[in-house]
Amino acid sequence: MISTGPTQTSGSKSGLNLRYVWMISTIAALGGLLFGYDWVVIGGAAKFYEAFFHLKDTAMQVAPDASFWIKVKANAISPTGWAQSCALLGCLAGALVSGALSDRFGRKPILILSAANFVLSSLGIAFAGTFGGFVAWRILGGVSIGLASNISPMYISEIAPAANRGLLVAINQLTIVLGVLAAQFVNWLIAKPVPDGITPEDFAVSWNVTQGWRWMFAACAVPSVFFLLGALFVPESPRWLSKAGMLDKAERTLARIGGAAYAAEAISDIKATVVNEDRHVKYAELLQRGVLVVLGLGIFLAVFQQWCGINVIFNYAGEIFKQAGYNINDTLTNIVMTGLVNLVFTFVALFTVDRLGRKPLMLVGAAALTIIYTAIGFAYRLKGGGTAVPNAFFLALVLAAIASYAMSLAPVTWVIISEIFPNRIRGTAMSIAVGFLWIACFLLTYTFPIFNTVLGPSVTFWIYAGICLAGFLVLIAKLPETKGKTLEQIEQELVD
């Protein structure tokens, strides 16, 4: 953002009121916590609601020796895949409208809208009586995820000082991870042990199937209420206020962040890019050569973060661990372990993103995932060929993949795409990039059951390894370093 002014305020010798900055950033980042919870809660609940709604993929009706294309056709319509991925339609819709809405009405009202919808959709899913109702409420909940996934990191990037921006935006990823872990832990607490060898008939009438999965979804309403109450009290983004011509309000917010001198310097820099511009973005600006290049980079980063494949581990953990030889009870325990590893290594990113920079972390993550996925593919191939592969080996590889992702692609992608777009079109440009992210996530989530059945887990993970290798090469060639630069400096270097 802007370099600090000399005025002293509480909380920092440099003049920054970091306590205030951290407070409003944390409130905004609660959108990330709900994003993570609502997105991952379905993984632990899947086996139970699938039994409740009698979901069964057509793959079970295809002969094992059927041709490749018959298997593809049979798996093209997957009820379980649709249940897992339907929310992504809402995510896409929320992401696409978030830019226009936030540019027109401000960042704060969209945070409030997202929070209120999280409360409503969580309870709606919990009380769904039909599969159609379940899908409708999941899609509506996805709208909140799409809104929060765009607005929360953008809001934080626009109120954060330059020296702390990477850390503060990465806090949003930390809350996503906490939401993921919370969902996994709550699922583990709610689910009652499933006896080994239980019959399908007994499983269908068990408490987990009749009631348990509902409580897993309903629990999301609790943090949603806290997010809603907090969002009512955060200030509007000073950059949006400046763009809307409300300089006095923008200066008051900036003064509270860093003092009068800080505010004056910030307003001076912002005036050069956004003051008194129309709140409606002129879409022709997106086609300008410099902007188009940066927009293409943002879209690539968003798509790569999804197509690197890690979300199939979160969303299809039950199937992945089942193929590795784990039972349902051990799988739920393993899922909690993945959440803990995700949390621990997110802290690695928090403390290195402003020190080592964005590019080194992205490269390390892409390279590590390439190697790990290759190893997972070979492990599945050996197990399928009759070679004894310890279950713990699969778990170690999965945890290594999550650790690599958590310290690199997961948080740093959000940091970069919240930084690289020009002030005047940031809301719209981010919504486009995040929209592509959710399209990529939908394709990844929907196609995994198809790839896994038709190609097998070995080839599926090798495909993800190939994508990670390609991403690594693109990052080396095209990704700039944005560490320590103000948003205005980044705009001048990348666009002007």
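In this predicted model, V225, L229, L232 and F233 together make a nonpolar surface patch of about 410 Å². One of these residues, L229, belongs to helix α10, which covers residues 221-231. L229 is partly exposed, its relative accessible area being 46%. Patch members must have over 30% relative accessible area, so L229, at 46%, passes that cut-off. As to the spacing of residues on such an element, an α-helix has 3.6 residues a turn, so residues three or four places apart point the same way.

Another partly exposed residue is W82, with a relative accessible area of 29%. W82 sits in helix α3, residues 79-85. In sequence W82 and F442 are 360 residues apart, yet their C-alpha atoms are 9.6 Å apart in space.

From the surface we turn to the interior. Helix α20 is mostly covered, with eleven of its eleven residues buried. Among them are L409, P411, W414 and the residue pair I416 and I417. The buried residues of α20 also include T413, S418 and E419.

What does E419 pair with? The side chain of E419 meets that of R165 in a salt bridge, with 3.1 Å from N to O. This pair links distant parts of the chain, since E419 is in helix α20 and R165 in helix α7, 254 residues apart. Both ends are covered: E419 is buried at a relative accessible area of 0%, and R165 is buried with a value of 0%. Burial here means under 20% relative accessible area, so E419 qualifies.

The model has eight salt bridges by the rule applied. Another of them joins D38 and R138, whose closest N and O atoms are 3.7 Å apart. Here too distant parts of the chain are linked, with D38 in helix α1 and R138 in helix α6 (residues 131-159), 100 residues apart. D38 is buried, with a relative accessible area of 2%, and R138 is buried, with 0%.

R107 counts as buried at 2% relative accessibility, and E158 counts as buried at 1%. R107 and E158 belong to one network with D103 and K243, joined by salt bridges that share partners.

Rolling a probe the size of a water molecule over the atoms shows where empty space is left. Four cavities of 30 Å³ or more are counted in the model. The largest cavity holds about 210 Å³ of space. Its lining consists of 18 residues, of which F35, Q173, I176, N311 and Y405 lie nearest the centre of the cavity. Helices α1 (18-52), α7 (165-190), α14 (289-307), α15 (310-315), α20 (409-419) and α21 (426-454) each give two or more residues to this lining. What is the make-up of the lining by class? Twelve of the lining residues are nonpolar and six are polar, and the lining has no charged residues.

Helix α20, which contributes to the lining, is the element with eleven of eleven residues buried. Helices α20 and α7, both contributors to the lining, are also linked by the salt bridge of E419 and R165.

Terms used. Residues numbered from 1 in each chain as written. Predicted model: local features only at pLDDT ≥ 70, side-chain atom pairs only at ≥ 80, totals over all residues. Heavy atoms only, no water. 1 Å grid on protein atoms, 1.4 Å probe; cavity = no way out; pocket = protein on both sides within 12 Å on 5 of 7 lines; lining within 4 Å. Points joined across faces, edges and corners; volume = space filled by probe spheres on them. Helix = DSSP H or I, 4+ residues; strand = E, 2+ residues; numbered from the N terminus. Nonpolar A, V, L, I, M, F, W, Y, C, P; charged D, E, K, R; others polar. Patch = residues over 30% accessible without salt bridge, like charges linked within 9 Å, V, L, I, M, F, W, Y side chains within 5 Å. Areas by Shrake-Rupley, 256 points an atom, 1.4 Å probe, with all protein chains shown as cover. Salt bridge = Lys/Arg side-chain N within 4 Å of Asp/Glu carboxyl O. Buried < 20%, exposed > 50% of the residue type's maximum accessible area, 1.4 Å probe, protein only.
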